[in-house]
Amino acid sequence: MAKNKNLIYIAISLIVFIVLAFLYSTPVFSGKQLFQHDIVQYRGGAKELLDYRADTGNETYWSDSMFGGMPTYQMGSQFKGDIIKKIDSNLNFLPRPVNYLFLLFAGFFFLGMVAVRNWKYALLGATFFGLSTYFYIIIAAGHNGKVNTIEYFAPLLAGIILVYIRKQYIWGFIATTLFMGLQIAANHPQMTYYLFLALGFLFLSELVRAIQKKIPMKHFLISSGIIAASCAIGVGMNSQRIMANSEYIKETVRGKQILTNDSHTSGKSGMDKTSILMWSYGKLETLNLFIPRLMGGGSQEPEAKEMMNRVQELIQENVGSQAEMDRISKGFNGVTYWGDQPGTSGPAYQGAVVCFLAVLGFFFAWKKYRYWILGASILTILLAWGSNFMPLSDFFIDYVPFYSKFRAPSSILVVVELLFPLIAIIGIYRFFTDEKLTEEYKKKILMYVSGGTLGLLLILLIFGKSLLGFYTDGEKTYFPPFLLDYLADERFKLFRIDAIKALIYVVITAAVLFMTMKKKLSQNIALIIIGAVSLFDLWTVNKRYLNDENYVDKVFAENPFQTESSDLLAEKVQGNPNLESILANVNVNKTLETIAEKDKTHYRIFNNILGTFSETNTSYFKSSIGGYHAVKLRRYDDVINEYFQIMDSVKVPNVLNLLNAKYWVVGGPEQPQAMPNPKANGNAWFVSDLKFVNTPDEEIKSIGVIDSKKTAVIASSDKSYFNSKPVQADSSAFINLTKYQPNELEFKSQSKTPQLAVFSEIYYPHGWKMFVDEKEVPYIKADYLLRAVHVPAGNHTIRMVFEPEVIEKGKWVSLFCFGLFIALSGFGIFWMNKNKKKITLTEEKA
């Protein structure tokens with residue numbers, strides 16, 4: 001009976017989560033969809049992939065849509081045999097973002113049930129975690145892979161706790177394996193990596209407990225073995241994706257560096273430190289977990305717009321020279337935000353109530369949770385400081401495997417956003433239910449923590465203006481007093497509002513705990529009040545960053561690359577800042593569409609209006625020189641940094657010719673112009689003059705100055721390729737593209753002499769196969785980033801096909817691991833039920 005009653009409460013809790021998720025996302029009822037910047041970029045960059053899938057029913061693992069061409073492994077490609085990804089898709093059955101919110105709530109509810117085995121506290125913790133502000137900020141931005149991965153943080157931790165602490169080996173194995181697989185399938189390795197840094201503390205905690213004989217060493221070893229096997233199988237179920245990406249990552253900006261210069265050292269893996277640490281959280285900014293606008297807010301907040309308007313008025317009234325205007329521009333970053341990061345969409349706010357209860361939790365929670373959560377929280381906060389705490393950052397970048405592969409250390413605070421709600425509900429559960437905690441101890445801790453918290457808030461409210469200043473060093477250097485004073489005053493007002501709210505929320509929570517301790521409030525009423533206050537707090541803050549303005553009509557969400565302006569479009573865009581870019585880019589999109597419709601051959605477009613390397617409008621209509629992606633191929637990124645940071649009028653056109661930029665789009669958004677580039681090299685060309693160079697640095701510098709139509713720059717390491725492969729000039733020779741698919745290109749050539757064919761196709765050493773008259777032949781890299789092959793004299797058909805072997809190998813490993821998971825789970829449940837029957841029979845006989 002009690003079990004059935006508990007199941008009813010669990011079902012009701014899940015319904016509550018669905019209701020909360022829909023209430024937060026009410027525009028979905030009218031058919032509107034989220035307009036997410038990164039998803040807009042994805043739709044443009046993945047257009048060729050999606051079209052190929054729709055037209056052929058097959059998958060292409062290479063696309064020419066962005067950056068001259070790149071694998072699609074990180075562009076939304078699908079992997080056959082990827083059963084775990086299908087499970088993930090089925091779990092995310094609700095409309096976006098309702099699906100994310102529901103799974104955030106439900107996942108933590110499972111963790112809460114495992115940790116305290118009480119649905120009330122699990123429900124409370126689910127709202128603590130599921131309403132963490134950072135999640136709403138990344139949903140608004142379109143970081144869907146990131147939030148999809150975070151959904152599975154809590155249930156994965158629950159599975160591990162089931163094994164280590166609850167000693168439920170079989171159910172723990174099933175949960176750990178399943179949610180490990182789902183987490184990897186969500187495809188944000190950085191988030192998973194950060195979670196496992198924290199889980200390392202749980203492992204150490206259990207090891208210490210085993211050494212201290214608080215738990216049997218045998219149990220620790222069995223548990224560790226089960227968890228290791230679970231994680232291995234969970235990872236194995238994603239083998240296709242992992243194997244493909246591990247092969248790909250070596251060739252990208254996350255792999256080894258090729259050049260040696262001021263910011264690179266050849267052979268060194270990972271990104272340079274500046275890139276890794278660019279988004280570092282300030283030390284004082286960490287208090288944003290407790291007070292959302294201590295360091296200001298995001299640029300989309302209503303107050304930010306008002307402040308920006310006033311800043312413009314003040315500048316017009318007080319600035320009299322261009323020199324002064326230029327000086328102000330140097331220090332200008334954002335009107336509301338004044339922290340250490342280059343910019344932010346909002347703070348990683350955890351909630352005043354949650355942070356207050358988390359601090360209490362470090363005194364009230366069981367020791368088996370307390371110390372590892374404290375250690376993991378401290379480490380992740382210190383790592384989030386990034387460039388503001390270089391001793392630790394240097395150590396992790398230089399010595400901890402894979403840490404240098406990831407950027408934006410501030411995002412590691414997701415670990416705190418998981419652990420604070422957990423320690424909070426464990427602490428409050430023990431506060432209310434555990435008789436081992438004396439009333440004297442509870443009262444003492446409650447008084448100290450409440451007093452310390454309220455004292456900190458009062459100090460910040462009274463002395464904050466003089467202590468913090470509310471401006472950056474850059475602003476102090478470049479801004480005149482009238483502007484600096486205005487910004488400081490307005491930012492302090494924003495902070496003061498949030499600090500007073502935090503003070504009120506903490507007072508209410510502390511009062512509720514005191515009154516419950518004095519038997520003036522029941523436990524249930526106390527939980528309801530605490531839950532309601534926290535819900536109101538987080539809900540209202542989150543609405544600053546994800547609200548009705550983020551939703552647009554379905555037509556705009558699914559086709560953000562509009563090519564026709566109209567009164568209806570203008571009316572729908574009016575007042576919605578998320579749609580302003582659609583209206584602003586209509587003329588550019590129309591120009592791109594016109595080029596693509598008039599010239600259907602294969603070529604690339606250089607768009608110099610929208611920000612070549614931060615847009616995918618071009619890719620939506622045609623292959624682009626630029627694009628938008630965090631994991632570019634290293635060689636292409638090197639060329640961008642070498643030639644497109646400073647636009648040399650001779651070298652840049654030479655590089656664009658190499659990349660077959662047949663059209664340039666120049667001018668401005670209002671009157672874009674399509675300029676044909678008659679000097680583009682085309683899809684392929686013959687050369688007979690070879691320039692051998694000794695280093696990659698020589699190679700990349702040469703391509704900007706040579707006549708690439710006649711000369712190819714070849715690394716000296718490939719000199720042996722030309723043994724018994726002579727090349728001779730033939731002015732009548734030609735090579736033409738006759739068939740194009742993103743993963744298969746065919747050329748016809750004619751030459752009286754042997755030649756080197758250079759293709760305007762990006763060199764990638766894995767998966768591409770080259771055939772001359774259907775006989776596979778080796779090919780080499782030319783001009784730093786292109787493919788080249790020796791072609792004998794005569795008429796030939798040259799074909800290149802992208803058939804990565806890693807995909808087929810990975811498929812069978814994925815299927816095997818999934819089958820193993822099903823078999824082991826089935827056997828475990830069978831064995832468990834068999835044992836239960838034996839125990840029941842024994843009891844009956846007794």
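Mentor: A crossing is left-handed if the near helix is turned anticlockwise from the far one by less than a right angle, and right-handed if clockwise. Helices (H or I, at least four residues) and strands (E, at least two) are DSSP runs, numbered from the N terminus. The model is predicted, with local features needing pLDDT of at least 70 and side-chain atom pairs counting only at pLDDT 80 or more, while totals for chains, interfaces and linings use all residues. Residues are numbered from 1 along each chain as its sequence is written, and side-chain values use heavy atoms, without hydrogens and water.

Trainee: Which hand does the crossing of helix 5 and helix 20 have?
Mentor: Helix 5 covers residues 98–116 and helix 20 covers residues 414–433; their axes (lines fitted to C-alpha atoms, for helices over the stretch in contact) are 11 Å apart. The packing angle is about 40°, on a scale from 0 to 180 degrees between N-to-C directions. The crossing is right-handed.

Trainee: How are helix 5 and helix 20 oriented to each other?
Mentor: Angles under 35 degrees count as roughly parallel, over 145 as roughly antiparallel, 65 to 115 as roughly perpendicular and the rest as oblique. The angle here is about 40°. Helix 5 and helix 20 are therefore oblique.

Trainee: How many charged residues does the contact of helix 5 with helix 20 have?
Mentor: In contact (heavy atoms within 4.5 Å), Phe108, Leu111, Gly112, Ala115 and Val116 of helix 5 meet Leu418, Pro421, Leu422, Ile425, Ile426 and Tyr429 of helix 20. Ala, Val, Leu, Ile, Met, Phe, Trp, Tyr, Cys and Pro count as nonpolar, Asp, Glu, Lys and Arg as charged, and the others, Gly among them, as polar. By class, this contact has ten nonpolar residues, one polar and, for charged residues, none.

Trainee: How is helix 5 oriented to helix 7?
Mentor: The axes of helix 5 and helix 7 (residues 133–141) are 11 Å apart. They pack at an angle of about 155°, and helix 5 passes helix 7 in a right-handed crossing. The two helices are therefore roughly antiparallel.

Trainee: Which residues of helix 7 meet helix 5?
Mentor: This contact has seven residues, nonpolar throughout, with no polar and no charged residues. From helix 5 come Tyr100, Leu101, Leu104 and Phe105. In helix 7 they meet Phe135, Tyr136 and Ile139.

Trainee: Which hand does the crossing of helix 9 with helix 10 have?
Mentor: The axes of helix 9 (residues 153–164) and helix 10 (residues 169–186) come within 7 Å and cross at roughly 155°. That makes helix 9 roughly antiparallel to helix 10. The crossing is left-handed.

Trainee: How many polar residues does the contact of helix 9 with helix 10 have?
Mentor: Helix 9 brings residues including Phe153, Pro155 and Gly159. Helix 10 brings others, among them Trp171, Phe179 and Gln183. The contact has twelve nonpolar residues, no charged ones and, of the polar class, four.

Trainee: What is the bridge partner of Val665 in strand 7?
Mentor: Strand 6 (residues 661–667) runs antiparallel to strand 7, and five bridges join them. In strand 7, the partner of Val665 is Ala674.

Trainee: Which residue of strand 17 is the bridge partner of Ala757?
Mentor: Strand 13 (residues 755–762) and strand 17 (residues 786–791) run antiparallel and are joined by six bridges. The partner of Ala757 is Val789.

Trainee: Where does Pro97 lie?
Mentor: A cis peptide bond joins Arg96 and Pro97, with omega about 5°. Pro97 lies in the loop between helix 4 (83–91) and helix 5.

Technical notes. Two strands pair if DSSP finds at least two bridges between them.
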